Amino acid sequence: MSKVPFGLVLSGGGTRGATHIGVMKALQEAGIRPDIIAGCSAGALIGAFFAAGHSAETTYTFFKETSLFSHPSFKLAKPGLFNAEKYLDDLAPFFPENSFESLSIPLKIYSTDLISGRLIEHHSGELLRPVMASCCIPGIFTPIEMDGQLLSDGGIMSILPVSPVRNIAEKILGVMIALPAPEKSARQIKHLHQVLDRALTLAIYSKAERELELCDWVIEPLEIGTFNMISKQNIEVMYETGYRYGMELIPEIMLSLNLPLAQCPESDFQSN
């Protein structure tokens, strides 16, 4: 089977997904259309908007205005603080056909089946429940039940799913936003939650490093490593950061894909 020219892989990373939208904006301005998009968690959500043909501006407005962590879906009696099913209503207007087949760009997204412990690929049929399942951060959002599976965050198993598309695309751009904070001193890791957070982040990132090696280009903005992944406080900064990194790579990507450099845009960022 012949490969497609260009694949885009977007990692998980909670509200740091605003960085993905900035990269999306740079690609759209340059007229670069991925032939396939893969992602998990925040990357699945942003990837779905990109694959459906929505603009970066529309995607950013949704991401900024949707009440991800102050939604009236708060549930103490469920296995998560927020009922993930409630967010399907927020997504529905943007995906009226609710199917992978309706997307203008092929999309692969990944969730974790908590029952079998397997990484599950979604690429056909119903779209929104798999997207939401991939975003279900354990303990924060309730898992999604589908086809006898209990689906949660794809980042549990693979925060940056490059391997599944490496044999499909000639060139791959990977955007990694689940970055560990800079090195900490022993005095900064004193309490139980700090130890657990640091250990989990490092374990996730160590697995992602192997996937990063499979990419032709990598966007890995280390400066966002200090930003909380469940807070929107720095969302505009992350959006601008993704755009800036994306713009820096545009000429190289266009040259590799044999696209005319004459159409390469100048950076003129206007945030919403």
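How many disulfides does the count come to? Color the cysteines and look: the count comes to zero, taking a disulfide as a pair of cysteine sulfur atoms within 2.5 Å. Select Cys136, which is in no disulfide; its nearest cysteine sulfur belongs to Cys135, 7.2 Å away. Cys136 is buried, at 0% relative accessible area, where buried means under 20%, exposed over 50% and partly exposed in between, with a 1.4 Å probe and protein chains only. Cys215 is buried too, at 13%.

Before moving on, know that this is a predicted model, where local features need pLDDT of at least 70, side-chain atom pairs count only at pLDDT 80 or more, and totals for chains, interfaces and linings use all residues. Residues are numbered from 1 along each chain as its sequence is written, and side-chain values use heavy atoms, leaving out hydrogens and water.

**The whole chain**

Zoom out and switch to cartoon. You'll find eight helices and 10 strands; these are DSSP runs numbered from the N terminus, helices being H or I with at least four residues and strands E with at least two. Of the 272 residues, 51% are buried.

**His20**

Next, pick His20 in helix α1, residues 18-30. His20 is buried, with 1% relative accessibility. Leaving aside neighbours within four places in sequence, His20 has contacts (heavy atoms within 4.5 Å) that include Leu10, Ala42, Ile46 and Val175.

**The rings**

Now show the aromatic side chains. A search of the whole structure turns up seven aromatic pairs. Rings of Phe, Tyr and Trp (its six-membered ring) pair if their centres lie within 6.5 Å; planes under 30 degrees apart are stacked, over 60 edge-to-face, and the rest tilted.

Start with Tyr60 and Tyr239: their centres are 3.9 Å apart and their planes at 15°, so this pair is stacked. Tyr60 sits in helix α3 (residues 56-65) and Tyr239 in helix α8 (residues 235-256), so the pair ties together parts 179 residues apart in sequence. Both Tyr60 and Tyr239 are buried.

Then go to Tyr87 and Phe141, an edge-to-face pair at 5.6 Å centre to centre, with 90° between the planes. Tyr87 is in the loop between β3 (80-82) and α4 (88-91), while Phe141 is in strand β6 (residues 139-141), 54 residues apart. Tyr87 is buried at 2%, and Phe141 at 4%.

Also select Phe49, Phe62, Phe94 and Phe95, which ring pairs link into a cluster.

Last stop: Lys25, which lies over the face of Tyr243, 5.5 Å from the ring centre. Here a charge sits over a ring if NZ of Lys or CZ of Arg is within 6 Å of the ring centre and within 35 degrees of the ring normal.
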